[in-house]
Structure formats: structure tokens, C-alpha cells
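Me: I have a structure to go through. Please tie each label to its cut-off.

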Amino acid sequence: MTASRYASLAIEADDIAAGRVEPHYVKVLTRLLAAHALAEKFTAIGYQRALETIDDARLRPRIAQNYAEERKHARLVYQLLEPLGLQEAAADRSLIAALKAPSFVAPRYFAEHAEGPLDLVMGSVSLDMTGYLMIGVNYRESSYAPHARAADLILEEEAGHEDFAASCLRDAVEWFGAERVNGALRAWLPRAVNFFGPPGSGFTFDCIRYGLKQRDNGELADLFLAMLERRVVQAGLAMPALTSGYPRTLG
Ligand SMILES: [Fe+2]
Ligand SMILES: [Fe+2]
């Protein structure tokens, strides 16, 4: 990928307000932030559903904490859109077509259909483990300083979510039996990996050119798969094989 024309934290909201940044940068940034905000919101809604439907005392404190933190993350990112002239409802409306894309299947499924503790574990693997990489690798170094600063705040809490996902994955075999967990992994893994978005897209090329992302979606997806595979094997589970093209499906 080409080197960025903008250094990390080079642009402030005032630079945009004063017209010192090219309009296409603002357009790409706005779309990226809208997608980030909505992913945080769907994740929050998923944890809210889990809180309403899961009684397990081993899980509830962490579910409640993640719910509160994901709401905060969504709010933080929607606030970044306001100086760019976009309120929450308009930001969400701008993504109506994108919502049907494979990259939104995992957050939407978690928010709309996830049922019970096993789906909760898989939702956390699919959204928190992945989110931790996207935010830590990509957004923390953003050329848009307000996004980089928000990413730093979010990342501190996402580290806890990531830990929760990893420890649940270890415990899941004991709680649910390997066969059920393997079945859930097969259902969730394609969604989880597609959450990174398509590799080599024009939009991501622009994001990298503008320093809004550091790495391509495909690289992050590979990092995630390598990390998850280690954890899956350690837990005595089977890592499902996937097709290589996007969207990834079971191979
Ligand atoms: Fe989050
Ligand atoms: Fe999270």
C-alpha cells in the first residue's frame, strides 16, 4: 500500500472547519467514523440484549460493564461526527446500503438475533477481539487527531472486552461441550472475519492514503485468524476452514 500523505494526529477538527483539508478527505473520514460509530452501537445493543436474556451470574457483571462501555464508545464516535455536520440519525441513514454488506453481518446478528450464553461468547469473539485489532492497529494512529484520541480511550476498555472473550473461549468447552462450541464457531467465524471488510477496496485505499487507517482489511483479518486459531487450538477446539475470497465462507 502507498504511504500516507498525512502523519498520525496531523489534522484537528479546526483544520476541517477552516477548509484546510481537501473535501475528499472529509468525505472518507465521515464515512469511516459513521461506520465505526454504528458498529459500536450495534455491539452495545447486543450486550443490552444479553443483559436482558442471560441469567448466568458468571457472565452478568462483565456483560453489564461491556454494555455501559460500548454505549460510551458509540457516543464518543458519534460526537466526532457533529463538527463534521452529521448527527447520529443522519450518520446511520448514510449507511443504509452498507448495512447489507457482509461487514455488518456480525454486529447486526449480535444486536438482532444472538440468543443465550454461547452466542454471547461468540459475539464477543467476533466483535471485541476484532474491534481491538481495528482500533489498536488502525484508528489509534489516525491522521485525524480526534479519532486517534477517542481510539486511545476506547482501547483501554476494549482490552478488558478482549480478555473476556479470550477467557470465555477457554471456559466454553467446559460450559457447553466441545461439539456445541465447534458448531457455534463454524456459524460465527465467517461473520467475524468479514467484519473487517473487503480486502483491497477503493475505500480502504483512500483511508490508507489519508492516514485514516494503517493496514488493509485483509491484513487485519489474517492477524485475527492467526490469533484466534492459537486460542481455539489451546482450548481443544477445531478452527473452521474458510474460503479465501471475500466474503469468506466455510471452506
Ligand atoms: Fe467498543
Ligand atoms: Fe468491545
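Reply: Start with helices: a helix is a DSSP run of H or I of at least four residues, a strand a run of E of at least two, and both are numbered from the N terminus. On that count the chain has 10 helices and zero strands. R215 lies in the loop between α9 (202–209) and α10 (217–234). This is a predicted model: local features need pLDDT of at least 70, side-chain atom pairs need 80 or more, and totals for chains, interfaces and linings use all residues. Residues are numbered from 1 along each chain as its sequence is written, while chains are lettered from A and ligands numbered from 1 in the order written.

Me: Why does R215 count as partly exposed?

Reply: Count C-beta atoms, placed from the backbone, within 10 Å of the residue's own: 20 or more others is buried, 12 or fewer is exposed, and in between is partly exposed. R215 has 19 such neighbours, so it counts as partly exposed.

Me: What does R215 touch?

Reply: Contact is defined by C-beta atoms, placed from the backbone, within 7 Å. Leaving out residues up to four places away in sequence, R215 touches V137, N138 and L220. The C-alpha atoms of R215 and H113 are separated by 31 Å.

Me: Why are α7 and α8 called oblique to each other?

Reply: Axes are lines fitted to C-alpha atoms, for helices over the stretch in contact, and angles between N-to-C directions run from 0 to 180 degrees. Under 35 is roughly parallel, over 145 roughly antiparallel, 65 to 115 roughly perpendicular, and the rest oblique. Helix α7 (residues 145–176) and helix α8 (residues 178–194) cross at roughly 130°, with axes within 7 Å. The pair is therefore oblique. A172, V173 and F176 of α7 meet A178, R180 and V181 of α8.

Me: What makes the chain agree with a compact globule?

Reply: The radius of gyration is taken over C-alpha atoms, and the globule rule is 2.2 Å times the number of residues to the power 0.38. For 251 residues the rule gives a value near 18 Å; the chain has 18 Å, so the two agree. Its C-alpha trace spans about 60 × 35 × 30 Å along the principal axes.

Me: What makes up the largest nonpolar core?

Reply: A nonpolar core is a set of buried Ala, Val, Leu, Ile, Met, Phe, Trp, Tyr and Cys residues joined through C-beta atoms within 7 Å. The largest has 68 residues, and L33, A37, V121 and V125 have the most contacts inside it. α2 gives the most, with 14 residues.

Note on methods
Two residues are in contact if their C-beta atoms, placed from the backbone, lie within 7 Å.
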